[in-house]
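Subject: Structure for your review

Dear colleague,

Please find below the structure I am handing over to you. My findings follow it, arranged by topic.

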Amino acid sequence: MTTIKGPGAAPTYDGSGLRVAIVHARWNTAIIEQLVAGAKKTLLAAGVTEDNITIQTVPGSYELPFGVQRVYAASQLQASSSAEGISATDLLSSSTTDLSKSATQSPSGSPKKPFDAIIAIGVLIKGATMHFEYIADAVSHGLMRVQLDSGVPVIFGLLTVLNEEQGLERAGLGKSGMHNHGEDWGQAAVELGSKRRDWT
Ligand code: DLZ
């Protein structure tokens, strides 16, 4: 059955030259893990290599904008340092945060370009207080600000659900057969990462 919702049939994009980061919150881990796996699956299917996928975590969704911003900045710093002949080892010995390390170091230690797209993943589940509304609003605006300020596409992988069941459904773990939304986010990252090169 055709559905009205969703991005429609997307052309396929070649992700083989792309570098993508996934920054995810750890709250509501069971749902998060599935969403991250879905995003990674479509990145790999589009040709993004394992070596070019970096996964970093932050405690909760509120920390996502900062995490995304720092991961991207660290990747830019590393790229410009390697262009200037500063080795990854020199750079890492002078940078102290985990976020910097994972964004700048490839498994082989080879120089890396900045990320072409970043997927921010979190699951906010509404509780009895206004906490949910404040965090959802702050994170949405924060992620938009990071992508417009930095010029790197930030894919909005924040589920804002009313209960756990809604979250499980959207991670492909529910009874309704709803697909894993993480897969859409992986596709969006490859599409925007590719288009950004043409739009630069
Ligand atoms: C505190 C909190 C609560 C109550 N609920 C969630 C949630 O459903 N999803 C989520 O990602 N994070 C939650 N957090 C944690 C905040 O996002 C944040 O990590 C803390 O307030 C510390 O800044």
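Two strands are said to pair if DSSP finds at least two bridges between them. In that sense, the bridge partner of alanine 120 in strand 4 is phenylalanine 156. Please bear in mind throughout that this is a predicted model.

Overall fold

The protein contains seven helices and four strands, and along the sequence these follow the pattern β-α-β-α-α-α-β-α-β-α-α. Of its 200 residues, 41% are buried. Among the contacts with a separation of 6 or more, 78% are between residues 24 or more positions apart.

The four strands form an open sheet in the order 2-1-3-4, with parallel pairing. Strand 2 (53-58) and strand 4 (154-161) are the edge strands, each of them pairing on one side only. On average, and with direction ignored, neighbouring strands of this sheet are turned by 15° against each other.

Strand 3 (117-125) pairs with strand 1 (residues 20-25) in the parallel sense over five bridges. Valine 23 stands opposite alanine 120 of strand 3. Strand 3 is also joined to strand 4, again in parallel, by eight bridges. Within that pairing, isoleucine 125 stands opposite valine 161 of strand 4.

For helix 2 (residues 64-83), the length can be checked against expectation: at 1.5 Å a residue, its 20 residues should span 28 Å, and the end C-alpha atoms are 29 Å apart, which agrees. Several residues of helix 2 are buried, including Leu64, Pro65, Gly67, Val68, Val71 and Tyr72. Ala74, Ser75 and Gln78 are also among the buried residues of helix 2.

The ligand surroundings

The ligand is surrounded by 15 residues, of which the closest are Ala25, Trp27, Gly60, Ser61 and Tyr62. Strand 3 gives the most, with four residues. By class, the shell around the ligand has eight nonpolar residues, six polar residues and one charged residue.

A backbone detail

Asparagine 28 has a positive phi of about 60°, although it is not a glycine. This residue is placed in the loop between strand 1 and helix 1 (29-45). A residue counts as buried if 20 or more other C-beta atoms lie within 10 Å of its own; asparagine 28 has 21 such neighbours and therefore counts as buried.

With kind regards

Technical notes: Residues are numbered from 1 along each chain as its sequence is written. This is a predicted model: local features need pLDDT of at least 70, side-chain atom pairs count only at pLDDT 80 or more; totals for chains, interfaces and linings use all residues. A residue is near a molecule or strand if its C-beta atom, placed from the backbone, lies within 6 Å of it. Helices (H or I, at least four residues) and strands (E, at least two) are DSSP runs, numbered from the N terminus. Ala, Val, Leu, Ile, Met, Phe, Trp, Tyr, Cys and Pro count as nonpolar, Asp, Glu, Lys and Arg as charged, and the others, Gly among them, as polar. Axes are lines fitted to C-alpha atoms, for helices over the stretch in contact, and angles run from 0 to 180 degrees between N-to-C directions. The expected span of a helix is 1.5 Å times one less than its number of residues. A residue is buried if 20 or more other C-beta atoms lie within 10 Å of its own, exposed if 12 or fewer, and partly exposed in between; C-beta atoms are placed from the backbone. Two residues are in contact if their C-beta atoms, placed from the backbone, lie within 7 Å.
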